[in-house]
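Hello,

Here is the structure you asked to look at. Please open it first, then read the notes below.

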Amino acid sequence: MFRYRSKDLANRITEKLKEMDLNLRLMHVCGTHQDTVVRYGLDEMLKEVGVELRPGPGCPVCVTTAHEIDIAVSLAQRGVVVTTFGDMFRVPGSNLSLADAKAKGCDVRVVYSISDAVSIAEKLNKEVVFFAIGFETTAPATAATILSGVPENFSVLSAHRLIPPAMEFLLKMGEIRIDGFINPGHVSTIIGEKAYEFISERYKIPQVIAGFEPLDVLFAVYMIANMVKRGEATVENEYRRVVRPYGNERAKRLIEEVFEPCDCVWRGFPVVNGSCLKLKEEFSEYDAERRFEDELKEVEAREAREARARGGEEASGKKGCICGEILRGISTPQDCELFGKVCTPSRPVGPCMVSREGSCNIEFRYRRGRL
Ligand code: SF4
């Protein structure tokens, strides 16, 4: 991988970009890209040559809403064993995180995969729910597990989301100017190049799928800059060593067999059409939202009461936390008054500081020395 970290080549690319006299704002939608960008200082390097990089809704933990966490917490409080990935454990809901629920005696367990959650269900005589988060990258594993057969006491609380509808939504909203997208390597491995073409066609915006090494990102920026200069708006693929035009057909079939897209809210966003994955009718017995329908009605009623008490406003996170704005690309961690003072990875206020893929967490880990 060292050839993707050559300083000499990086300098040559930035020289070329400088000659192009650019004024571009590019967005990426991937926590791993943000890690690469900040770790290697690519954003600062690119700013010098007229290119601003903005992270969007690329952290799956961060975009999961307080309402979805409230549902998981509520199930745990009712004696259900709730299993989920480590980063999700500490993200606050409206009142409690799953970690808080565990501290109060609920059975919440961190797992590394859905198979671990199934193994727990096989050993217990209790209801076990897997709180499934993640984009197109993790949904195939959830689908494959359900298709392979799971115990009767096992169900899935799906918070899986799809990236292209969120990208389109950002363009439709038009809150900030976006001149091009750097598309996520991992998600693209599953969905392929073709899945993004409708965005370029409808919004005349260039997109480049990029890998995760620093030179991958710089090449992607260079490819977008060239498209802009040529007046083209298509999908190009910098990450050809991994991503195919149609992605991973088997993984896509698994998703299609088990899930169907539905409208849903993302943290910081209103309803994004067709952007979440819910279990199809034929798998409803494994759908925690249907299995625990009555309990969930209570969560909704409580949230409606709390929203009325707030004067009808949606719970968008803890007071002062601007994760929602950061996920929409209109603010940065430095715009948050709590960043690095009240909110740190050891005492996170919002999900963008909890998750290692969150912009605030990444900013703090690599640039805290400058605070
Ligand atoms: S620094 Fe903390 S409080 Fe501020 S936006 Fe980030 S997660 Fe939210």
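About 2200 Å² of area is buried between domain 1 and domain 2, and carbon and sulfur atoms give 59% of it. Please keep in mind that this is a predicted model. The size of an interface is often given as the accessible area lost when the parts come together. In domain 1, the residues that lose the most area to domain 2 are Cys62, Arg90 and Arg267, which together make up 24% of what that side buries.

As for where the two parts lie in the chain, domain 1 covers 1-304 and domain 2 covers 315-363. Their centres, taken over C-alpha atoms, are 17 Å apart. Counted by residues, 30 from domain 1 are in contact with 27 from domain 2.

How many salt bridges are there between domain 1 and domain 2? The count is 1. There is also a salt bridge between Arg328 and Glu175, in which the closest N and O atoms are 2.6 Å apart.

The other item is the ligand. Where does the ligand sit? It is found in the largest cavity. The residues around the ligand include five cysteines you can pick out in the viewer: Cys321, Cys323, Cys336, Cys343 and Cys360. Also around the ligand are Ile322, Ile326, Leu338, Phe339, Val349, Gly350 and Met353. By type, this shell has 11 nonpolar residues, 1 polar residue and no charged ones.

Regards

Note on methods:
Residues are numbered from 1 along each chain as its sequence is written. This is a predicted model: local features need pLDDT of at least 70, side-chain atom pairs count only at pLDDT 80 or more; totals for chains, interfaces and linings use all residues. Side-chain values use heavy atoms; hydrogens and water are left out. A residue is near a molecule or strand if one of its heavy atoms lies within 4 Å of it. On a 1 Å grid over the protein atoms alone, a cavity is a set of points where a 1.4 Å probe fits but cannot get out, and a pocket is an open set with protein on both sides within 12 Å along at least five of seven lines; lining residues have an atom within 4 Å of a point. A molecule sits in a cavity or pocket if more than half of its atoms lie within 2 Å of its grid points. Ala, Val, Leu, Ile, Met, Phe, Trp, Tyr, Cys and Pro count as nonpolar, Asp, Glu, Lys and Arg as charged, and the others, Gly among them, as polar. Domain bounds come from an automatic or database domain assignment. Contact means heavy atoms within 4.5 Å. Buried area is the accessible area (1.4 Å probe) that two parts lose on being put together, summed over both. A salt bridge is a side-chain nitrogen of Lys or Arg within 4 Å of a carboxyl oxygen of Asp or Glu.
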